[in-house]
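Hi there,

Here is the structure I promised to send over. Have a look at it first, and then read on for what turned up.

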Amino acid sequence: MKRKLLRLLSVFMAMLLLCTTGAPALHAASPAEVPAAVSTQAEADASSKWMAPLHHLHWPTSTEDFGEMLKRILCDYVDLVLDLLLRIILYFLPDVGWPELSDYQPTQFYPGDATFLDAPAEGAQWSLGYAKASLLTGNELDGKHYHAGGLSFPAEPATKILDDQAVRVVCLSDGSGRGVKAFVSLDGYGISLTDVRKIRARLASFAQENGINAINVSAVHQHSCIDTLGLGGDPLRMLVGNALITEYQWNLPIYNGKNTAFMENLFQVTADAVKQAYAAMEPGALYVSYTDVSEYMRDKREPEVFDPNLTRLRFCPEDGGRETWIVNGAIHPTTFGTKSTEISSDYPYYMEQTVNQKAGANLIFFQGAELGITAQRQLTDSEGNTALENAKAFGARLGEILCGIDAAEETELSPLLNLRIREITIPVDNQILVLAAKGQAVNNIAVKTGEGVEIVTEIGYLELGSTLCAVTIPGEVAPELIYGGCLPASQAWSGEDWPYAPLTQSVPDRRMLVFGLTNDQAGYILPDNDVRSIISGVNEEVVSMGKRSGSTLITQMQALIDSIG
């Protein structure tokens, strides 16, 4: 972690030296230019910010407690200095055309259902279609494709393809006539809303002609796949090079970890897969079951909260044909580590293979609330195994567990499918992410406000039958925001309590699933009261939107659920 931060700081300083040539000096407004009330408020806010770390002061109860108190104060002051440095660098970077929030206009936004049904429509029946296609082009070892999931400087391209990187799609309808919903699952670290909307644009006419009123695109979040987000490239070339290209309008392509040809193929293959899944739709029944796999999971970040289950939605075609299993669970696919240059879809690929072979069924997997949830592999790893062998063993075990679910453990879901999507904005307090976006390492949708930068993203609420619901989250959400158990003031970094109820309490008569990394990859979403220092020994804060992301997401999600009535 410290080594990565040093690399980042080296990049930032290089950017400052290269990009300030000929730039205007920082302008300090004279007292006559600033209204007194505004000037006084700004001074008060600045003073409050620099005094904030002192909230950690208390009468220590032990030597260890005293050391922890000093550590937290020091960490918070280092964060403030880094924040100031980053804001200076951002000042000198060229404008990349982000609109003002008031001028922003959404495109390719699918809101889902205008009306929610309380019971199945007359004559309702489930109908589902499945499709799968490889995203690989055959050119991945040309030295111009990078893996995602880790920052390396200089960036090292992919050196070996171990298995497939694919897209899987289900199109689902309850027969009510309100519209077909498409759910896409991509092997990859993440995908921005900008790129999700490029996929939707290729389906615009098809969706309108065929009554598709929702197209949701999720990432499985493998750290060892070809980069589909942008952070896998060379940081210096991304940030400094892109700044110079933009400033001087050179006729050169913007560079990041995504390969342009690979992404172009991904957009087209995914759009085609949606069409194939729609064409394959057939009537049938849908069953839900839950199986506890907590012994294969661990939460590496306090509090230890997670959904311990793999949830299986099993679609049985009316004519007795091949089943499709929609599986939801929360376990990071990080078997290969951040230093590997071998490309693999990790354990989900081998979970699918096992289900294909043992049950003769299709499988499509959606990540859950997996912020700090990683694989507990003691039961599947063997001494001397390679990372690939460990991924195979872990995936095979989860696949066997899914295949071992007895029909008596299942509940049939009535044909009722409600879905509503809402576009929201989330303020970005973490200037590292602002730098990544302004440096065009990533292409999330950003807008400017009077307070800074906000990310435009999407959230969703889904109901299946009368007993099940799910929320779609545009990133990696802390499970405690959904299920409860946020740290109290005595343990939280801010020294404050988390003031909101768990999201599950909003729908007490339904079991709630989470479809994470859906329609965007906006980073980690943490409870406001436990957003820690980026040098405190944790990793999540470095790629978190900051201290307001958790409360913004939960209040907006609550408002979405309340709007349904």
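Which residue does the side chain of Asp 83 meet in a salt bridge? The partner is Arg 87, with N and O 2.7 Å apart. Keep in mind that this is a predicted model. Asp 83 and Arg 87 sit four residues apart in helix H3 (residues 63-92), so about one helical turn separates them. Asp 83 is buried, at 15% relative accessible area, whereas Arg 87 is partly exposed, at 42%.

Another pair reaches across the sequence. Glu 540 forms a salt bridge with Arg 301, their closest N and O atoms being 3.0 Å apart. These two are 239 residues apart and link distant parts of the chain: Glu 540 lies in the loop between strand E20 (524-525) and helix H12 (549-564), and Arg 301 in the loop between strand E7 (297-299) and strand E8 (309-317). Both are buried, Glu 540 with a relative accessible area of 4% and Arg 301 with 5%. Through shared partners, salt bridges join Arg 301, Asp 530, Arg 532, Glu 540 and Glu 541 into one network. The structure holds 27 salt bridges.

As for the whole chain, its secondary structure comes to 12 helices and 20 strands. The radius of gyration is 24 Å, close to the 24 Å that the globule rule gives for 565 residues, so the chain is as compact as a globular protein of that length. Of those 565 residues, 55% count as buried. On the charge side, there are 41 positive and 68 negative side chains, and the centres of the two sets lie 5 Å apart.

Best wishes

Notes:
Residues are numbered from 1 along each chain as its sequence is written. This is a predicted model: local features need pLDDT of at least 70, side-chain atom pairs count only at pLDDT 80 or more; totals for chains, interfaces and linings use all residues. Side-chain values use heavy atoms; hydrogens and water are left out. The radius of gyration is taken over C-alpha atoms; the globule rule is 2.2 Å times the number of residues to the power 0.38. Buried means under 20% relative accessible area, exposed over 50%, partly exposed in between (1.4 Å probe, protein chains only). Lys and Arg count as positive and Asp and Glu as negative; His and the chain ends are not counted. The place of a charge is taken as NZ of Lys, CZ of Arg, CG of Asp or CD of Glu. A salt bridge is a side-chain nitrogen of Lys or Arg within 4 Å of a carboxyl oxygen of Asp or Glu.
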